[in-house]
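Please keep the 3D view open as you read.

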Amino acid sequence: MALLQLENVHTYYGHIHALKGISLEVNQGEIVTLIGTNGAGKSTTLRTISGMARPRTGSVKLEGKPIHNLPPHQITRLGVGHVPEGRRIFPRLTVRENLEMGGFTVARGDVQRRIDSTFVLFPRIKERLEQLGGTLSGGEQQMLAMARGLVLEPRILLLDEPSMGLAPVLVEAIFEIIRTLHQKGTTILLVEQNARMALQVADRGYILQSGRIVMEDSAKALQSSEMVRKAYLGEE
Amino acid sequence: MPALQRAGNWINLYILKPIGQILVFVVVSAAIMSALALLLGAVLNTPWHGIDLLKTRKGIDLFNQVVKQLPDMLLDGISIGFVYAVIALGYTMVYGVLRFINFAHSEIFMVGGVIGFEVMTRLGEANALSTMPPLFVILLMILMAMAFCGILAVVIERIAYKPLRGAPKLVPLISAIGVSFLLTDVVRAVQALSRNVFNMPYPLDRVGNPPRIFDLISFDPITQLSKGQQFLNPPFLQTRIPLVGNLTTNMTTVIIIVSAIIMVVGLNYFVNATKLGKGIRAVSQDQTTAALMGINVNQMITLTFLIGGALGGAAGVLFGLKVANITPYIGFFPGLKAFTAAVLGGIGNITGALLGGILLGLLEAFFSALLPFFPALGTGYSDIFAFSVLILVLLFRPTGLLGKKEDEKV
Amino acid sequence: MKAAKYLALVIALALVGSFVTAPVASAQDAKVIKIASHSPLSGGQSLLGTAIRNGVELAIEQYKKPIEDMGFTVEFVPFDDQATPDVGVSNAQNIVNDPAILALVGHLNSGVAIPSSEVYNRADLAMVSPANTNVNVTDRGYPTVNRVCGRDDAQGAAGAQYAVEKLGSKKVYVLHDKTAYGEGVATFFAQAMEAAGVEVLGFEGTTEAANFDAIITPIAALEPDLIYFGGIYNQAAVFFKQARDKGIKANFMGPDGMDGSDLAKIAGEAVVGLVYTSAAGPASVYPAAEKFVEDYKAKFTINPEAYAAEGYASTQIVLAAIEKVLSENGGAMPTRADVAKAIRATTDFDTVIGKISFDANGDPKVATYYILQVKNADPAKWGENELVSSVTAPSPLTAKEMMEGGMEATPEATKSN
């Protein structure tokens, strides 16, 4: 059974029909990437999974149990970690407090240990612990957002545009971290505009166009697909 | 020694530092106000200016008068300022989390005063008021009011605000004003039907006897309150507490200031050091992300109302102890002033509410106590002057005194 | 959430319903004569307002028989002015629109009585006031406005005389509540004190109801030997209590607005020794009042507060006047103007508070001003306040007539201590 399964999900924003029947699945230990242009429905898909948007029809199942009627905080408690687009660091909480919020649902004794364990991947964060979140640079904020998501030790991590607005060196670093997470066995659903990088780390991928999945395959196959190369990888 | 060191750090961070900050606020505000008052006293002492409005009463040496009244004005201002600050915390916390002014807060404060009255009166009816330890009586009043008003605020939120959460901003505001009227009239009706009273005087004189410790220190029993009657023991709440030099204040003032400081320090600890407190701060900064962290946003909002209501209730009791009489209409002006204090300090900002409360209390005390010496003005104009200062401050700092600083917004 | 919405709806409907079913004036039954009372029945001054209401109700019950024998039903309609001018005036509009209401007893507060009586006067509706002492109530010379109590000019002067002669006051601080009544009587008091050579350290108005700290501070610094509060007990009590708590040792004094047992209930020991003037004596000074007090207690199970007897007396006058009009016009429904005329013509009429004659302005020709001292912090013993002095003085019009008649017009102290 797939860890996460979406079946024929329709999501609306007011009158806007954002997702028009999305079906996808993510298996234990996989990195799956969603690729598409702006407005294709990538972020909406993640928001629907984590409960911030509610599907009008269709189902979202975690290990076979429907979760689409639960409020966001309960979905998080089931182990769905969502690192939102634009990082959404709490600007007036310190870095330490931001991390603690990531472990809000975790038993008190475990939080500190888990925070410490994120420092292996994000050593820069450790130096900034007492600083306010709002004072970090963009790259540091992205690192913090991911570290905050990992404190939950999620069963599946939803990453929304982790490389957006970052310098190339930092983009490399972020993807390196994603690769490491993958090796450790973390299940990731990755939304990226940088399709090339995304397909390099992912096992499988889905191509979204205006709220519909138009193609799904292994990352390798997608990389070599004519359509994908033209439309998303910028190759002639 | 790491445990000891940690304890030291903890005391430093959550006890000494906030108390130090409060002291700094009090001392600096008091010093500035005193300096201004003395300066004005000196400048306006002689009618050199020819402005009728600013002419002082004949035979009054304004500078002398300022000097004579200074300690009282400071104590009055600081004690009412702390009450305003505790009420303002309720406004500012709810605003921080929901960006919504809970106009019913002034009536929650009033209900706190009524609960204090009920506890005191019932203890009195059971003949327990003079035998129970006075501080215990007051603690009981405060705790009961906190519990009742905290729950009341939560219930109000559930019934009157939560269903309107998605509505345009003005709608819950109107609802709050409606709740405010409703509470006033419910209290009025309940007290009229159950006790047939409108005024709810606190039986303050009946609270206990002074504890032995004050017998040892030199205290001045007010024996000649008025001709022909004497207390066997001075009422506990009128026990004079020596300050510096000849200056004394009464027990009520000390209780108000100490309780208010405990509440502010406690709130500071809760908000900055506990998981739930941090959760509230997270919700106030970004509700959706907070939900993604697994924080139950509704629960945090409920908690905010609970704490805000409890603080309002406690402030109601402190106010009742200070003024000795509560009526169903008593909430309006202190509520308005506390709201002003919250705005003055920077709404949404806990430290700002404290600073704003103390400043407004001092402004009010100074203006009311000095305007009688200007026959063309009179004490009735004190609010106009106090609020003019507010407008001036907001013209130069629209976000309030501490609104822009990166302080904890809750 | 749904439930909450429905609850709100039900409450709203219930509120609307209660307005709709409120008693509506029935104009068609010409055989009904209504007497209204109009005083604060809710709020901080309801103690005295209710006393007036009760006094009126009791008098109607006891004296309506002669009128009912002439084929009319006498009904009592109480109104609540909430001690607020706006409410008084808007009630007044409703009152004058009910043709069955032929006369009215009210108000407690001069600040309410003055604007409301403008409305009554336009409709020829007679008002007999049990309690309004402000000079402007009658000095407008309206044919419809009368009172059974004294006036603030005389009351202020009586208080000042006592303060100087008996309390030996040299320095006084005067506060008032910024209402027509409070400021009026405080002004007369302060003028009389100044005329007697007493230093008036301050004359301040305040609407503060709770925290008087900042107002007390300059008073404490000026060290007056007497503080006078021109206002009503509910506000004054809080002030006096806080002033004592702050160590002020001056004597306290006030006008008839102090005369409510809530003063002692709120201020406790702080007001023991307080002296107040009153245009209404304690029941004990009226020989006829003994039975009234008994009847009042029997009907309402509480002691009559100040102005209960005055409300009763006012109603006695009103009922006698209506009876007279009825007997003169052969039992037809009297006009308001006739009733007003008959009330104004009241001469040497025996009421529970003594013989009353109105002068051309509606003032009692002679009024007695009582000076009382609070003796006990227990509100239940309010009735035991000691009458320390009383002064009888003619109304200004009467005084003028007496002058013209070459008679002695200076107020004369009849009793002292």
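Domain 1 of chain C and domain 2 of chain C bury about 1,400 Å² between them, and carbon and sulfur atoms account for 54% of that. Buried area here is the accessible area (1.4 Å probe) that two parts lose on being put together, summed over both. This is a predicted model, in which local features need pLDDT of at least 70 and side-chain atom pairs count only at pLDDT 80 or more, while totals for chains, interfaces and linings use all residues. Residues are numbered from 1 along each chain as its sequence is written, chains are lettered from A and ligands numbered from 1 in the order in which they are written, and side-chain values use heavy atoms, with hydrogens and water left out.

To find the two domains, look for 28–150 + 285–352, which make up domain 1 of chain C, and 153–278 + 368–416, which make up domain 2 of chain C; such bounds come from an automatic or database domain assignment. Their C-alpha centres lie 27 Å apart. The contact (heavy atoms within 4.5 Å) takes 20 residues from domain 1 of chain C and 19 residues from domain 2 of chain C.

What holds for charged pairs between these domains? The count of salt bridges between domain 1 of chain C and domain 2 of chain C is zero, where a salt bridge is a side-chain nitrogen of Lys or Arg within 4 Å of a carboxyl oxygen of Asp or Glu. On the side of domain 1 of chain C that touches domain 2 of chain C, helix H2 (46–63) and helix H5 (110–122) of chain C are the elements that give two or more residues. Helices (H or I, at least four residues) are DSSP runs, numbered from the N terminus.

Now turn to the place where chain B meets chain C. Here 43 residues of chain B are in contact with 37 residues of chain C, and the area buried between the chains is about 3,400 Å², with 56% of it from carbon and sulfur atoms. The rule finds two salt bridges across this interface. You can look for the one that joins the side chains of C:Asp213 and B:Lys322, at 2.4 Å, N to O.

On the side of chain B that touches chain C, helix H2 (62–98), helix H10 (297–323) and helix H12 (350–370) of chain B each supply at least two residues. H2(B) gives the most, with eight residues.
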